[in-house]
Amino acid sequence: MPKQTLPQVPIKKGEPAYKLWIFEPGWKGELPLILNPRQLAEQKRPALLPGHRLCAGCAAPIIVKLASFAFRGPTIVVNATGCLEVATTIFPYTSWAVPWIHNAFENAASTGSGVEAAIKALKKTGRLPYEHVDVVIFGGDGGTFDIGFQALSGAAERGHDFLYILYDNEAYMNTGIQRSGGTPPFAWTTTSPVGKVIPGKQQAKKPIADIMVAHRIPYVATATPAHWLDLMKKVRKGIEVEGPAFIHALSPCDRGWRHGTELAIEIARRAVDTCYFPLWEWTPETGYMLTDRSLAIARNPSLKQPIEKFVEVQGRFKHLLKPENRELLKKFQEYVDLVWEDLLKRAANAPK
Amino acid sequence: MTEVVKTPKIPPEKQILMTINGDEAVAYAAKQSLVDVVAAYPITPQTIIVEKFSEFVANGEVHTEFVPVESEHSAMSACVGAAAAGARAFTATAANGLALMWEILYIAASLRLPIVLAVANRALSAPINIHNDHGDAYGMRDSGWIQIFVENVQEAYDTTIQAFKIAEDERVLLPVAVNLDGFFLSHTLENIRMLPDEEVHKFLGGYRKTYPKVKVDYFDEEVPLILNPARPLSFGPLDLYDYYYEHKMHQIEAMKRVPEVVREVNEKWYELTGRKYGDGILVPYGVEDADVVVTVLGSTGGTVRHIVKKLRSRGYKVGTIRIRLFRPFPHKELAELLKGVKVVGVMDRGISFGSYGPSFLDISTALYDLKERPLLVNYVYGLGGRDAQPEMIEKMFMELLEIAKTGEVKEKLRFLGVRE
Amino acid sequence: MAELRGYKELPIGAVPFRLSTDYKTGDWRALRPVVDHNKCVKCMLCWIYCPDMAVIWDGEKITINYDYCKGCGLCAHECPVKAITMEPEPTE
C-alpha cells in the first residue's frame, strides 16, 4: 500500500503547515489557549485538514478550525450527518486530524454520550492512557433543532461531559436548502418559498440556546466565526466545565443564504451588529452575560444597526427589500428587537 | 436441550445455582462479562434486564457506566459510540424498541462494532401487544447482526456470555443479538447454574482491551480500529458507488466466518461448564431416522421436543431441529441434516406479509440444491403471544405424517392456533 | 484519484485510508487571491478565517497554498489593509 505523508510546505518558524494530532499514550498536560494571532499561526494547527469539499466560502470549517484551536488535549469529535460530515469524509479520504465518528443524523448527542461513557469506564479500569479525553460534538441546525433534539435534550439531562457545537446555517443545506427549526422568519428556502401568497418562512426561529439554558447545564453560549477570539474562549470554557456544554454558532452559507462566497464573515459580523444574533454566554452561577460586540452594543445602543444591514446582502431575504414588503421588514425588525430587549433584561452585565 | 459432559472444568457443584428469570439471567451474564457501557431504555418484556443492571450499578457491584437513555434509538447510538471508543457495550430491547433502533442496527454492523443486544422477543404494533413472537427479530434479519435464539433461561445466561466472545473474535467483529422469548423466558423462573465471576472473566479474556488492527496509508504501522487519540481514524464516512459495495463485501465475508466461531465457542463453553447446545448452530433431536422433521426457533423448541419424544415412543419416525443460529443462516448444515427426510414442517413465530415465515424462506433455499427434496410446509404460530400448546404441535406432526404417507401438500402455508 | 482498491485491500469498518490533503480543491477556483507583501501588516486574519486552511504563515510572511484555495475571496474581503486582491487565474 502506498504510504501517504502530509504536504510538506516550507515553514521558517513554528509548526509544519499541516499535521495529524498525535497524543502518544501517557501524554500529559494541557494545550495552551493562544489568543495572540501571530503565535496562533505559528503554534496551532487545526484538527481539520484541507482537501475537504465544503463549498468555497463556507463558514462551517472556520468554526471547526477555530474550535479546534481551543481544544485542550486528546479529543474525540462526533459529527451529526450534514454538510460538515459529508464533505469532510468522502471515502477514501478524511479531513480529520483527530479521532472522529459519524453515526447518523439524529443521534450525535447520544453517540457522544456513549463515547463519553466509554472514556469514563476505560479510565475507571486503568485502560485510558490519558488524564482526560474530551468529547466535542458538531451538529448542524437540522441535526440539532429538529431531528436530533430529543437526543440532545436527553444527553443534556443526563449530564454527560461533552461540548456540543451547533453550526447553524439556518436550513437543511446538505439536502439543498429546506427550512428547519433554525430558519429565521421570512427567509426563503426551497420548502418555504416566496410565493404569491406566502412570503417565505412564516414561523420564528426556535430559541435553541435558550432551550439549552432551560436544561440548566453548566455552560451555554452563542458565537460566530467572525468573532473568533470570543468563539475560541467559549469553546475552551465549554470543554473545561464538567458536564454538558452547548455553543450555538451562526454559520453563514453562501449557497443557501444567497450571498457572495467572500461574505460569510461579513454577514456573521452584521448578524451581531444588528442584534439578530447576539453574543452571550450563560452559566447557572452568572446567568446570561453579554460578550464581545453585543456587550459593546448594550453599553452603547447607537452601535446597533438596523436589520436591513443583515438582510440586504442575502438573496434569501431579497423580497423583504421590495417596497410592497416594507411591512414584513418592519415585522422582522420588531421580532429582532423583541428578542434583543428580552435578552437585555436577562443579561446580568447589561446596563440597566 | 442441555447436554452434560462428565467432567467439565467447573463441575456443577462449583457453579452457582440460582432461581431466576430470563431477564435476570441476561443481566447477571452481562455483569459477569465486564461490560463497560450499558445504554438502555425500558420496554416490556425486557425491562427487568435494565432494572437488574441498574441495581448492580447502584450497589457498586460493577464498573459499568449505565446510560439511561431517552429512547432505544439513543440506546443503540450510545452503544455505537461506546464500542467505537473501545468499550464493551451492551443493551437490551424488544419489539417497538428494536424497531426504533433499526437505523442504527445497520450502522453498528457496518462499523464492525462488537455490541451485544438482548432481545426479549415481543410482537410488533399495531395493535399494541406485549407478548411474544419473533416479528421483531425477523425485522432485523438483514441488518448485518448475528442472531441467536435461545430455548431456556440457562441458555439465555450462557449465550449472553458467549455472545461477547463471538462478537469480539477478530474473525467476526460483528454485533450479536441474543433472542429470548418474551415472558416465556424473560419472566419465567428457572433453576440455572452460573459460573463464578472470575471464570467468566477468564473465558472472555478480562476487559475488552485488544482491538482489531487496520492499515491506512497515513500510518506506517497497523493501528487499532477504535477512536484513538494516538492514531486517529474516522468512523462512518460518506461512501459512494466507488467503495460502498466493497465495504459490504467485508460484512459478507465476516458473516461466512461466524459459524466456525460459534461452534468453537460452544465447544469451549462445554469444556468449561458441561453445557452445550447442539453444535452451537443447530440442535437436532431424533433426526437420523426421521421421515418428518419440524424446525423451530426459541422456547417452543422444548415443547416440540417433548412431542417428538412422545411420538417416537409410539413408534413414529419424527424428529426436530431447533435453529439456534438464525443469522448467518446455516443453509448447508440444515440441508445436510434434512437429507433423506420426507417432510419438513417449518414453524415460524412471525410472517413476512405477502410471503412466508422468514425461516421457511431460508429453509426452502437450503433444501433447493438437494437431489431429493423433502416436502415443505410452513406453520405460522404463536403470534402476539398465542400459546404453542402441545396438542396443537402434536396435531401438526400428525398432519405432516399424513403428508409423508400421501406425498401431497394441500396447503403450503398453514396457520396454527388461530380462530377463523 | 488513486486506482480503486478491491475489498481485500481495504481496512475493515469502512474507515477512510487516506487524508484529504490528496484531494486538491484548488481546481475549483475561478479567481485567485494574490498577496501584496508591501501592504500586508501580518495581522493573521486571513490565516484565521480561511475556510480551506490554504493560507500559510511560514513565520515571516503569508502565502497562499493554491493546491487547496477554492478562491472564495473571503481573505481578500476581510483583509483590513486590502493587501489581498482576487485576480483571474493565469491562462496557460
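This note goes through the interface of chain A and chain C in a predicted model.

1. Conventions. Residues are numbered from 1 along each chain as its sequence is written, and chains are lettered from A in the order in which they are written. Local features need pLDDT of at least 70, side-chain atom pairs count only at pLDDT 80 or more, and totals for chains, interfaces and linings use all residues, while side-chain values use heavy atoms, without hydrogens and water.

2. Extent. In chain A, 53 residues are in contact with 44 residues of chain C (contact means heavy atoms within 4.5 Å). The buried area is about 4,300 Å², and carbon and sulfur atoms give 63% of that; buried area is the accessible area (1.4 Å probe) that two parts lose on being put together, summed over both. Q4(A), F91(A) and Y93(A) supply 16% of what chain A buries against chain C, more than any other three residues.

3. Salt bridges. Three salt bridges are counted between chain A and chain C (a side-chain nitrogen of Lys or Arg within 4 Å of a carboxyl oxygen of Asp or Glu). One joins the side chains of K12(A) and D58(C), at 3.4 Å from N to O.

4. Make-up of the chain A side. By class, the residues of chain A that touch chain C are 34 nonpolar, seven polar and 12 charged. Here Ala, Val, Leu, Ile, Met, Phe, Trp, Tyr, Cys and Pro count as nonpolar, Asp, Glu, Lys and Arg as charged, and the others, Gly among them, as polar.

5. Strand pairing. Strand 2 of chain A pairs with strand 1 (residues 18–19) of chain C in the parallel sense, over two bridges. Strands are DSSP runs (E, at least two residues), numbered from the N terminus, and two of them pair if DSSP finds at least two bridges between them. Y93(A) stands opposite R18(C).

Technical notes
Helices (H or I, at least four residues) and strands (E, at least two) are DSSP runs, numbered from the N terminus.
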